[in-house]
Amino acid sequence: MISLLTPWRGVAAAFALNGMLLGSWAARVPAVKEARGLGEAELGLMLLFMGLGALASFGPAGRVSDRIGAVTLTRGLALAYLAALPFLAVAPGTPGLALALFFFGITHGAMDVAMNSWGAEVERRIGRPVMSGFHAMWSLGAGAGAGLGFAATSLGAGVALHFTLAALVGLVLLCPFLLQPWTSARREGPGGGAPVFALPRGALVPVGMIGLASGLGEGGTADWSAIFLSAVAGAGESQATLGYALFAAAMLAMRLCTDRLARIAGPARVARAGALVASAGLALLLLPAPWPVALAGFALMGLGYAPLYPLCFSRAAADPDIPPGQAIAGVATLGYGSVLMGPPLIGLIADLLSLRAAFLLVALAALAAALLAPSLATAARSPGRTG
């Protein structure tokens, strides 16, 4: 067992744990909605609390990560995140659920920043791109969490039992890998007067905009792909579910290849190609074509968006002027913010114009990301011993 505790596996386990806990929650949202008698608007408000918790956590997590070390913060937040999942099932009343989701969002978002900072340290130690592989492990974890939710639902397990067992599985199977000996470099950034919400600055502004474009595409696909396929492209109910499934599968497959591609072609070229492939997929959605064409479009979007987030985080962590935790937090705010706010914006445009018009906006953002891709090749932080 000890021989398996390598730094790469430690970070990969952190990503898998983060994804598994979120996937476990996502799989039981309908059950929580029904058990608590929530309407659509009430559920939307509850989910907003979770999103706001994550957004509020990015800035503080980045500063604390730089101050005490990314690995230390990742370990502590992993335990808090594990505890937050079962609390969602037993929180008293609607106000209690709102507070539980806010805390769940805080632990999820803060751990996201910390583990990406730790991953960037390991990436610098290894000396070659590995960040996309970590993000692939997140996708695997999210899929495993959703699979646990399917099994729990099929067996008739209650939400509280399911969430408790999921937390125990994460604690026993994944947390031991987080104990790999590693010492994070501690860096201090600008003190005092730091904003509540972290935002990218300087050379990281275009990097954050790439993350925003990627989040807009990912969030829009998650919330609107099934509706687009059924209401616009004419797919049946079961066929409409394939849109996000293909998107996610294509994203996972590409993330397993992105690190190698980045070593060969460089991050800027890979990001530009990815953004253009995503744009091509979105172009298929704009055609008055049958639903299989739209389905192919969502698959291309998964391939295209896959490398953007990992490459953005690698570039942020390597910035020569901003401590890595704060740099990652700024990029994460724009990326996650667009995942949170993008779907409502798509819905507003769809209501005013059409769903195709809304996806045209997403396509324009992807093209803008292709133009901004050279920002991912800017001068990196001088390599040094980080662990």
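**Entry 1: helix α1.** I noted that this is a predicted model. I looked up α1, residues 7-27. How far apart are its end C-alpha atoms? They are 30 Å apart. At 1.5 Å a residue, the 21 residues should span 30 Å, so the two values agree. I then checked its cover. α1 is mostly covered, with 16 of its 21 residues buried.

**Entry 2: α4 and α7.** I turned to helix α4 (residues 70-90) and helix α7 (residues 159-173). Their axes are 7 Å apart, and the packing angle is about 170°. Angles over 145 degrees count as roughly antiparallel, so α4 and α7 are roughly antiparallel to each other. Which residues make the contact? From α4 I listed Leu79, Leu82, Leu85, Pro86, Leu88, Ala89 and Val90. From α7 I listed Val159, Ala160, Phe163, Thr164, Ala166, Ala167, Gly170 and Leu171. By class, I wrote down 13 nonpolar, two polar and no charged residues.

**Entry 3: α10 and α11.** Next I looked up helix α10 (residues 242-265) and helix α11 (residues 267-286). Their axes come within 7 Å and cross at roughly 120°. α10 and α11 are therefore oblique to each other. Where do they meet? Thr258, Leu261, Ala262 and Ala265 of α10 meet Pro267, Arg269 and Val270 of α11. I sorted this contact into five nonpolar, one polar and one charged residues.

Methods: Residues numbered from 1 in each chain as written. Predicted model: local features only at pLDDT ≥ 70, side-chain atom pairs only at ≥ 80, totals over all residues. Heavy atoms only, no water. Helix = DSSP H or I, 4+ residues; strand = E, 2+ residues; numbered from the N terminus. Expected span 1.5 Å × (residues − 1). Buried < 20%, exposed > 50% of the residue type's maximum accessible area, 1.4 Å probe, protein only. Axes fitted to C-alpha atoms, helices over the stretch in contact; angles between N-to-C directions. Parallel < 35°, antiparallel > 145°, perpendicular 65-115°, else oblique. Contact = heavy atoms within 4.5 Å. Nonpolar A, V, L, I, M, F, W, Y, C, P; charged D, E, K, R; others polar.
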